[in-house]
Amino acid sequence: MALTGRRLEVDRIATLAVLPRESAMVVVGDPGSGRSSVLDAVSNRVSLPVVRVGVNGSESRWPLAGVTSLFTALDDPRATAHIAHLLQTGETAVPVTAGLAAAHDFLDAVHALTLPPTLVLIDDLDRMDVESQELIAFLAGRLAGTALRVVATVRSVPSDGPLAALPALRIEPLPSDEALVLARTMAPEEANDGVLAVLAAETGGNPGALREQLAVLSREQLTGAEPIVLPLRPTPTTEALAALALGSAAGRDLDVLAKLALVPVAKTTAWDRDELDDLVGAGLATVRGQSVTVRDPLVRSALYWRMPARDRRAAHAALATASTESDPRAAAWHRSFVDDVPDVVALLGAARSYVVDGNVHAAIALTERALHVGGGTEDELVALLGVAEALLGNRLLGFAARYLAALRPFRTTAHEVRRLRLQYSAQYLSGDAVHADELLVSVDATEPADVDAVAGLMAMVACFRAEAWELDQAKDLLHRVEPLEASASPHTLEITTTARELIAAIDGTLPSDTDLHDGLATSVLLAMSDPALLLLAHALSIAERYRSARRVFALVLARGPQTAPVWTEAARYLTAENEVRSGNFRQALRAIDVWEAGSSVVERLREPSRAIAIAWRHFAEGRSADALAVVDRCLEHRSTSRLWGATAKLHALRGRVLLLDGRLEEAAAALEAADAIGRSLRNPAVLRHLGDLVEAYARLGRIDDARTITARLAADHHARPGRWGALVLARSLALVADDTTRDTARRRALELFQPHDSQFERARTFAALATVGNPAERPRLGAAAAAAYEAAGMRRPLVTPAPAAAMPPFGTGPSLRSAPVLSASMPGTPRSAPDASAVLTSLTAEERAVVQKVTEGYRNREIASSLFMSQRTVELRLTQIYRKVGARSRSHLVALLT
């Protein structure tokens, strides 16, 4: 299993291993933090010989047992003799001088060994015998001439201990995003994502505690069929970490902390402020505004369950009385442990208000408690529906889906339509198929409000059907809405109108901008709701009106706090998709970065769509292998099995990446899969795979197949004309033209481009024509392609120049079925002319290390951290590098070295 997170930690240790000088580092981490896993990742990463030294706890009573283990692990036959000498010296030395003599003997013994540069990884050094700890610490400060790089892990470094003088790297708890990703990799496939998010938060980013909790929870709890008892019951890692954290706490502080552990979050007004300040100063509590909570959820877990059940109930009763006026939400929590019949509706109301306030941790704790003590009455389910609605509005899809699954159909139409709306929205935004079987039969609604709700629900599902390219079903749903429009609200009519526009855009029949909403007048757009604006902007993007789409998306984002987080998230993603479709990779990369930075893993929408955006970013930045890995993982995901539109897009992107990497057979197979799925879609500008398929066939020498696909592309384009279709059709015709028409077709393909057209498609045309041009023209076309790729903002990584590969002549059969590499003689990918290896010879080792990090996408701050430099030093090195290689900018440097 790949290590989740910890990239910077592994980078720092791996960098230490390859530095020209011997050095040492202490890696400090709490119990369960994954210290051993980090060392495992480092040992698999570095090219140096690695010596791994484990610690046997039962040997910690034996003097020099750890040093013996170290010498035994070193690959030198003289190590055994040195062990015997050290042991004998230790027995005969005078106690006063024994430590110093043993230290110098140990250092001399290591110097006497003949070792290549070696990385020594010592796990749990603080569990070794004291004598060995002192000797190894003495050695770590005097490694010059030993050829050793020493890295040791410990739980803590006392300020007066032997390791205090060594450089230390602290392994912090995993961020919530990475903890959730780790939980997904550890848990069974059927585990509920909302439950995993709860576990990731409640274990405080500690991998060991997370692993133990996943092992002790029942299958029903993991799948969401049963509620989780919070705080979680402590496991061995929880107890070990709590003992370490509470070592300095005692007396009154510990009593106050134990009471504070009884509630997820409390208002400071109900507590003694001096006592809270003492806890905050000790690092045991956190105060944010008027709220206070135990800082570490694992410490809270240990304190909560240490208290006897009778004492806990009495404390809950006292705190419920004390907080009734000052903190009613905390009082509702405490009363649920005291009352014979808990007020579940009040508990869920408090949970919903916590969501609105942004305190999701407390909201989940109260909701799980409500599920645990509730009776499932209609009022309780309506209150639970309100919690799920608030969670979905704050883009917490996993949590929302987890509680929607606990609901059953309502008897009243209004509540049932509300439940279905939330359920379908959560499924769609999560990237799952929306079946909406409940809408297959007529919905009986007589009240105007119920009619409006049903009409809005069908219009919403019609949009989902359109996104899945099920246009007939989408049109049928909107046809069923027409009789209800007389009783529909303005908002429902607005959604219905924009849903029809989305369907028309996918079908290639969207009216011109002047015929949409008074010519897209700003006053009209400002009066529209957020979802309606997003549907309109998305339709404009699909119809290749990128500037208009950009303007409408900007209106949604400019509303700021007035816009629900779920719509802001959707606007950010769709903005990134709009820039990708426009071919402006620089703007697309910025948009994807903004989208990623604005949400956590638990908040992100549309996993297949997110995978496409992230894969595009990897591809645009020159990391084709990473792009393919993202796409392949998403294709393996169970949710794509019935999401035909998303699946076709993934195959089309995979085919494009493989095509530009020269892996022609694989590219053709992926593009054929996309074509098989999207065959019914007549608008060629939606999936955009036919031009790539033509090029793949042409480069493989399958000219008849290429001409067949070109004919299909021509027919679809003439039926639904568009700018992208015109450019790609001209390129395809040039690729399949015979000797008598080839020059004319090539000239038309190039002359068709206007300054406002996609630079990416322009580069694709230059590169494709180079593959069928004569050898004298290939360098010129290749250089033009590279320049156009650079103008589009596409970057490539630092690579070793590949051998040339020639295109097979048309009609002679595919003598070269696929080529994994490209060069200047086949400019299918944007590669620059200078030889990277020649340029690198002019740089120092340190400058080459900086360049490598730049080409891998590191920012200056990350480069400084991984190479043990200051950020100012990195900037100076880059200035020197620019001067040596003649680069004008960071992107130009990458282009020169690729």
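**Helix α14**

- In helix α14, the buried residues are P297, L298, V299, R300, S301, A302, L303 and Y304.
- The helix spans residues 297-306 and is mostly covered, with eight of its 10 residues buried.
- D296 caps the N-terminal end of α14, where a side-chain oxygen of D296 lies 2.8 Å from the backbone nitrogen of L298.

**The chain as a whole**

- The model is predicted, and this applies to every feature described here.
- The chain contains 46 helices and eight strands.
- Of the 898 residues in the chain, 54% are buried.
- When contacts between residues at least 6 apart in sequence are considered, 69% of them join residues at least 24 apart.

**The five-stranded sheet**

- An open sheet is formed by five strands in the order β2-β3-β4-β1-β5, and the pairing is parallel.
- From one strand to the next, the twist averages 20°.
- In general, the strands of a sheet pair through backbone hydrogen bonds, in either a parallel or an antiparallel manner.

**Pairing within the sheet**

- Strands β2 and β3 run parallel and are joined by four bridges; V50 stands opposite L119 in β3.
- Five bridges connect β3 and β4 in the parallel sense, and the bridge partner of T118 in β4 is L148.
- Strand β1 (residues 24-29) and strand β4 (residues 148-154) also run parallel, with five bridges between them.
- The bridge partner of A24 in β4 is V150.

**Strand β3**

- Strand β3 is mostly covered, as five of its five residues are buried.
- T118, V120 and I122 point one way from β3, whereas L119 and L121 point the other way; all are buried.

**Helices lying across the sheet**

- Helix α1 (residues 7-18) lies across β1, β3 (118-122), β4 and β5, and runs at about 160° to β1.
- Helix α3 (residues 65-73) lies across β2 and β3, running at about 150° to β2.

**Nonpolar cores**

- The largest nonpolar core comprises 217 residues, and L391 and Y424 have the most contacts inside it.
- Helix α22 (residues 448-467) supplies the largest share of this core, namely 11 residues.
- Leaving aside residues up to four places away in sequence, L391 touches V355, I364, L396, F399, A400 and Y403.
- There is also a second, separate core of 35 residues, which includes V26, V51, V55 and L107.

**Cysteines**

- How many disulfides does a search of the whole structure find? The search finds zero.
- Is C463 buried or exposed? C463 has a relative accessible area of 6% and therefore counts as buried, the cut-off being under 20%.
- C634 is likewise classed as buried because its relative accessible area is 5%.

Definitions and conventions
Residues are numbered from 1 along each chain as its sequence is written. This is a predicted model: local features need pLDDT of at least 70, side-chain atom pairs count only at pLDDT 80 or more; totals for chains, interfaces and linings use all residues. Side-chain values use heavy atoms; hydrogens and water are left out. A nonpolar core is a set of buried Ala, Val, Leu, Ile, Met, Phe, Trp, Tyr and Cys residues joined through side-chain atoms within 4.5 Å. Buried means under 20% relative accessible area, exposed over 50%, partly exposed in between (1.4 Å probe, protein chains only). Helices (H or I, at least four residues) and strands (E, at least two) are DSSP runs, numbered from the N terminus. Contact means heavy atoms within 4.5 Å. Two strands pair if DSSP finds at least two bridges between them. Axes are lines fitted to C-alpha atoms, for helices over the stretch in contact, and angles run from 0 to 180 degrees between N-to-C directions. A disulfide is a pair of cysteine sulfur atoms within 2.5 Å. A polar contact is a pair of N or O atoms within 3.5 Å; within protein, one must be able to donate a hydrogen and the other to accept it, and residues adjacent in sequence count only if both atoms are side-chain atoms.
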